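Come along while I look things up, one entry at a time.

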Amino acid sequence: MKVFISADIEGTTLTTYWNQTRTIGDAQAKPHCRQMTAEVKAACEGAIAAGATEILIKDGHGSGINIDINELPECAKLIRNWVGDPLSMASGCDETFDAAMFVGYHSAAGRNGNPLSHTESTATTSVRLNGMVCSEFLLYSWACAMMGVPTVMLAGDRMLTEDSANIHPKLKTVAVKDGLGGSIRCLHPKVACDRIRAAAEEGLRQDLSDALAKLPDHFVFELSYKEHKVAARMSAYPGCRLIDPLTVRFESDDFMEVLRCGQFIM
């Protein structure tokens with residue numbers, strides 16, 4: 001079994017402040033890189049218990065060099081830094097993978113489930129895809145589905161797991177923390193890892209023949225920005241138009257074009 005894992009940091013159990021996510025140049029980020037690594041390791045261990053023999057991990061946060069591969073199983077390979085392709089946090093996934101899992105993911109822009117809620121950047125107050133709140137998880141798990149790869153496990157904050165529960169037919173979720181205003185109520189790091197390990201194994205042991213999400217035939221991508229001048233600039237991307245002073249809309253039948261657009265306007 002071949003498994004793809006995409007990892008972020010704002011949805012790991014301990015991470016609370018932005019400086020804890022700035023993993024180049026801020027000493028306070030080091031424990032959060034360790035926890036990101038530990039949660040990814042737990043997902044790998046669950047995958048191996050379910051029969052995975054090959055695991056590819058995309059370090060999907062910031063610098064892309066946050067995970068310590070020395071702590072991971074030897075069958076794991078790690079993508080560090082960024083290719084620059086529209087797949088972004090799903091870069092490296094292709095049709096040869098049997099399943100995908102997402103670790104350390106966070107609530108979308110405008111949601112109050114995490115003090116660090118955002119979708120790609122902090123420029124937006126809301127991102128929607130076909131009327132749904134659009135998180136990074138929605139974008140990149142649908143990117144995997146576009147390639148025929150089902151997503152079976154998500155770990156992150158509780159609001160994200162609840163918002164995402166019906167996106168994939170056989171998704172197992174692990175809520176490692178709750179956002180409460182500017183605070184979090186988090187699981188003990190070991191408990192978080194134990195639950196991620198169990199969910200990864202459970203997710204991959206399922207019959208995956210009907211686990212693939214069916215994507216819509218048409219996509220409506222809407223972003224509302226904090227500043228009207230930013231919205232005006234982003235509306236210059238081909239196919240985008242302003243629908244009010246703060247909101248840009250892009251439509252396509254091709255999800256790859258949505259991802260490509262997102263690279264430039266998020």
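**Entry 1: a term before I start.** I take two strands as paired if DSSP finds at least two bridges between them. I also remind myself that the model I am reading is predicted.

**Entry 2: the sheet.** With that term in hand, I looked up S4 and S7. Strand S4, residues 99–105, pairs with S7 in the parallel sense over 4 bridges. I then asked in what order the strands of the open sheet lie. I read the order S3-S2-S1-S4-S7-S8-S9, which makes 7 strands with mixed pairing. At the edges I found strand S3 (76–79) and strand S9 (183–186), each of which pairs on one side only. Neighbouring strands of this sheet are turned by 20° against each other on average, direction ignored.

**Entry 3: walking across the strands.** Strand S2 (residues 54–59) runs parallel to S3, and 4 bridges join them. One residue I looked up here was Leu56, whose bridge partner in S3 is Lys77.

Next I turned to strand S1 (residues 2–7), which pairs with S4 in the parallel sense over 5 bridges. Ala7 stands opposite Val103 in S4.

Phe102 stands opposite Leu154 in S7, and Tyr105 has Gly156 of S7 as its bridge partner.

S8 runs parallel to S7, and 5 bridges join the two. Ala155 has Val174 in S8 as its bridge partner.

**Entry 4: burial in two strands.** How many of the residues of S4 are buried? I found that 7 of the 7 are, so S4 is largely enclosed by the rest of the structure. I checked strand S7 (residues 151–157) as well: 7 of the 7 residues are buried, so S7 too is largely enclosed by the rest of the structure.

**Entry 5: helix H2.** I went to residues 136–146 for helix H2, where 10 of the 11 residues are buried, so the helix is largely enclosed by the rest of the structure. Among the buried residues I noted Phe137, Leu138, Leu139, Tyr140 and Trp142. Glu136 and Ser141 are on the buried list too.

I then looked at both ends of the helix. At the start of H2, a side-chain oxygen of Ser135 comes to within 3.3 Å of the backbone nitrogen of Phe137. Just after H2, Gly148 takes a positive phi of about 85°.

**Entry 6: the largest pocket.** The largest pocket has a volume of about 230 Å³. Which residues lie nearest its centre? I wrote down Glu10, His61, Gly62, His118 and Glu120, out of a lining of 14 residues. I sorted the lining by type and got 3 nonpolar, 7 polar and 4 charged residues.

Methods: Residues are numbered from 1 along each chain as its sequence is written. This is a predicted model: local features need pLDDT of at least 70, side-chain atom pairs count only at pLDDT 80 or more; totals for chains, interfaces and linings use all residues. Side-chain values use heavy atoms; hydrogens and water are left out. On a 1 Å grid over the protein atoms alone, a cavity is a set of points where a 1.4 Å probe fits but cannot get out, and a pocket is an open set with protein on both sides within 12 Å along at least five of seven lines; lining residues have an atom within 4 Å of a point. Grid points are joined across faces, edges and corners, and a volume is the space filled by probe spheres set on the points. Ala, Val, Leu, Ile, Met, Phe, Trp, Tyr, Cys and Pro count as nonpolar, Asp, Glu, Lys and Arg as charged, and the others, Gly among them, as polar. Buried means under 20% relative accessible area, exposed over 50%, partly exposed in between (1.4 Å probe, protein chains only). A polar contact is a pair of N or O atoms within 3.5 Å; within protein, one must be able to donate a hydrogen and the other to accept it, and residues adjacent in sequence count only if both atoms are side-chain atoms. Axes are lines fitted to C-alpha atoms, for helices over the stretch in contact, and angles run from 0 to 180 degrees between N-to-C directions.
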